[in-house]
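Trainee: I'd like to learn how to read a model like this one. Can we go through it step by step?

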Amino acid sequence: MRVLVIHGPNLNLLGERDPAIYGTATLDEINAMIEKTASELGMRVDCVQHSDEGSIIDALHGARTVCDAIIINPGAFAHYSYAIADAIASISIPVVEVHLSNLASREEFRRRSVTAGSCRGSVCGFGAHSYLLALRAVAQTPVK
Ligand code: DQA
């Protein structure tokens with residue numbers, strides 16, 4: 001099983017950005033955790049980070065024929081990007097949305113994800129472990 005993990009804008013600053021909310025692990029450290037769990041699950045994983053909407057959409061489109069599933073943390077795009085929501089809805093492989101923080105307990109504008117409804121499911125609030133739980137979820141998720 002081949003999985004693409006897409007990290008959205010500002011996640012490249014993990015470790016230094018709001019550590020009380022997002023934790024102290026850097027993106028490289030989180031990617032190492034993802035790679036370790038993926039290898040334990042017998043998956044092949046690629047991790048990418050994009051700060052702009054178009055690159056995230058291109059990554060979703062590009063993965064649709066070569067990957068079995070996608071895990072995405074759209075960052076703040078989750079709250080307003082109908083273009084990313086449409087891109088997720090346009091591909092048939094399962095997509096799981098991940099957030100480090102618990103959106104339900106944060107500012108009003110973060111409580112709604114416009115992208116989550118196009119996804120097979122979501123995991124949020126478990127810090128870096130949200131990604132690892134999402135890997136376990138896609139391992140159990142049949143392709144559409
Ligand atoms: C985030 C939550 C978003 O609201 C925020 O804009 C982020 C990170 C999370 O992982 O908790 O960049 O997606």
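Trainee: Are H3 and H4 roughly parallel or roughly antiparallel to each other?

Mentor: First, the ground rules. This is a predicted model, where local features need pLDDT of at least 70, side-chain atom pairs count only at pLDDT 80 or more, and totals for chains, interfaces and linings use all residues. Residues are numbered from 1 along each chain as its sequence is written, and side-chain values use heavy atoms, with hydrogens and water left out.

Mentor: Now the idea. Helices (H or I, at least four residues) are DSSP runs, numbered from the N terminus. Axes are lines fitted to C-alpha atoms over the stretch in contact, and angles run from 0 to 180 degrees between N-to-C directions. Under 35 degrees counts as roughly parallel, over 145 as roughly antiparallel. Here H3 (residues 53–63) and H4 (residues 82–89) pack at about 5 degrees, with axes 9 Å apart. H3 and H4 are therefore roughly parallel.

Trainee: Which residues in H3 and H4 meet?

Mentor: Contact means heavy atoms within 4.5 Å. From H3 come Glu53, Ile56, Ile57, Leu60 and His61; from H4 come Ala83, Ile84, Ala87 and Ile88. By class, this contact has 7 nonpolar, 1 polar and 1 charged residues. Ala, Val, Leu, Ile, Met, Phe, Trp, Tyr, Cys and Pro count as nonpolar, Asp, Glu, Lys and Arg as charged, and the others, Gly among them, as polar.

Trainee: Which residues surround the ligand?

Mentor: Look for residues with a heavy atom within 4 Å of the molecule. The shell includes Arg17, Tyr22, Asn73, His79, His99, Ser101 and Arg110. By class, the shell has 4 nonpolar, 5 polar and 2 charged residues.

Trainee: How far is an oxygen atom of the ligand from an N or O atom in the side chain of Ser101?

Mentor: That distance is 2.5 Å. For the side chain of His99, a ligand oxygen lies 2.7 Å from an N or O atom. For Arg17, the value is 3.0 Å.

Trainee: What is Thr141 in contact with, leaving aside its neighbours within four places in sequence?

Mentor: Thr141 touches Pro94 and Arg120. Thr141 lies in the segment after helix H5 (129–139).

Methods:
A polar contact is a pair of N or O atoms within 3.5 Å; within protein, one must be able to donate a hydrogen and the other to accept it, and residues adjacent in sequence count only if both atoms are side-chain atoms. Helices (H or I, at least four residues) and strands (E, at least two) are DSSP runs, numbered from the N terminus. Angles under 35 degrees count as roughly parallel, over 145 as roughly antiparallel, 65 to 115 as roughly perpendicular and the rest as oblique.
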